[in-house]
Amino acid sequence: MKAPVGRAPLPLDLPALTSIRDRRVILASASPRRRQLLAQIGLTNVAIVPSTVPEAFPKTLSPFEYVLQTATQKAMTVYSAQINNPDGEPALVIAADTVVISPRGRILEKPRHEADHISMLKELRDSLSHKVYTAVVVMAPLSSARDPGYAFESTVEETTVKFSKDVSDELILSYVRTREGADKAGGYGIQGIGAILVDRIEGSFDNVVGLPLRPTLALIEKVLQDDDESIGEFAEGEEE
């Protein structure tokens, strides 16, 4: 007798998500992990339009400022390029940026080469803990003519990650050579093989993956609410 085939869960039935499910939603990132996370809340038909502007903000900024400015730049660049797209203006643009902060306060992004990758992971292992910051920016065009013509909301989320003290140099080298962490901030993927390096976290797991879902949903609801309010204000102005 065959085991019953599991049915995929139904999408979240929330007004904000339902209102954009059949409209053009853009993820300003090439990250497959962020796309997968959005699919978990029912946004499966997402257009991938990564920003092509170099991320050149100074590393002397605080982690909060650095990720927020980078995510804002991604969102604004893609929104400006897509607002007059022949396929129609986007209902929503979502952008994010994630950085790992070393115990000494250094911003760790993607490793430059294998030696850098090994050094990065050893530093994270030998520390008590490290921080992961993800900034999320959500933009939506306003239906009214209210300046600046779009709704904009943002957040920065923080998670503390502790590597296991039992992680050996041999394990680090073996992990680096899987190449899983080569394209990830901090050099590891907590949602994949990289989980073997981690002892525990304090905070959001999906924040470390690259997109904190609950805050992202809250931003989506807020920018769509801002649009509804702008329509109401415009209607009141017309009546006067």
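**Leu219.** I looked up what Leu219 touches: with neighbours within four places in sequence left aside, Leu219 is in contact with Val136, Val138, Glu153, Ser154 and Thr155 (contact means heavy atoms within 4.5 Å). This is a predicted model, where local features need pLDDT of at least 70 and side-chain atom pairs count only at pLDDT 80 or more, while totals for chains, interfaces and linings use all residues. Residues are numbered from 1 along each chain as its sequence is written, and side-chain values use heavy atoms, with hydrogens and water left out.

Leu219 sits in helix α7 (helices are DSSP runs of H or I with at least four residues, strands are E runs of at least two, both numbered from the N terminus). Its relative accessibility is 8%, so Leu219 counts as buried (buried is under 20% relative accessible area, exposed over 50%, partly exposed in between, with a 1.4 Å probe and protein chains only). I also checked Ile107: it is 112 residues from Leu219 in sequence and 25 Å away, C-alpha to C-alpha.

**Helix α3.** I tested the length of α3 (residues 63–82): at 1.5 Å a residue its 20 residues should span 28 Å, and the end C-alpha atoms are 29 Å apart, which agrees (the expected span is 1.5 Å times one less than the number of residues). Buried residues in α3 include Tyr66, Thr70, Gln73 and Lys74. The buried residues of α3 pack against β1 (25–27), α2 (32–40), β3 (92–101), β4 (107–108), β5 (130–141) and β6 (150–163).

The largest pocket holds about 560 Å³ of space (on a 1 Å grid over the protein atoms alone, a pocket is an open set of points with protein on both sides within 12 Å along at least five of seven lines, a cavity is a set where a 1.4 Å probe fits but cannot get out, and lining residues have an atom within 4 Å of a point; points are joined across faces, edges and corners, and a volume is the space filled by probe spheres set on the points). Of its 27 lining residues, Arg33, Arg34, Lys74, Lys110 and Asp183 are the closest to its centre. The lining of the largest pocket divides into 11 nonpolar, seven polar and nine charged (Ala, Val, Leu, Ile, Met, Phe, Trp, Tyr, Cys and Pro count as nonpolar, Asp, Glu, Lys and Arg as charged, the others, Gly among them, as polar).

I searched the whole structure for cavities of 30 Å³ or more and got one. The largest cavity has a volume of about 40 Å³, and Ile20, Arg21 and Leu43 are among its lining residues.

**Ser174.** Ser174 is in helix α5 (residues 169–176) and is partly exposed, at 44% relative accessible area.

**Whole chain.** I count seven helices and seven strands. Buried residues make up 47% of the 240 residues.
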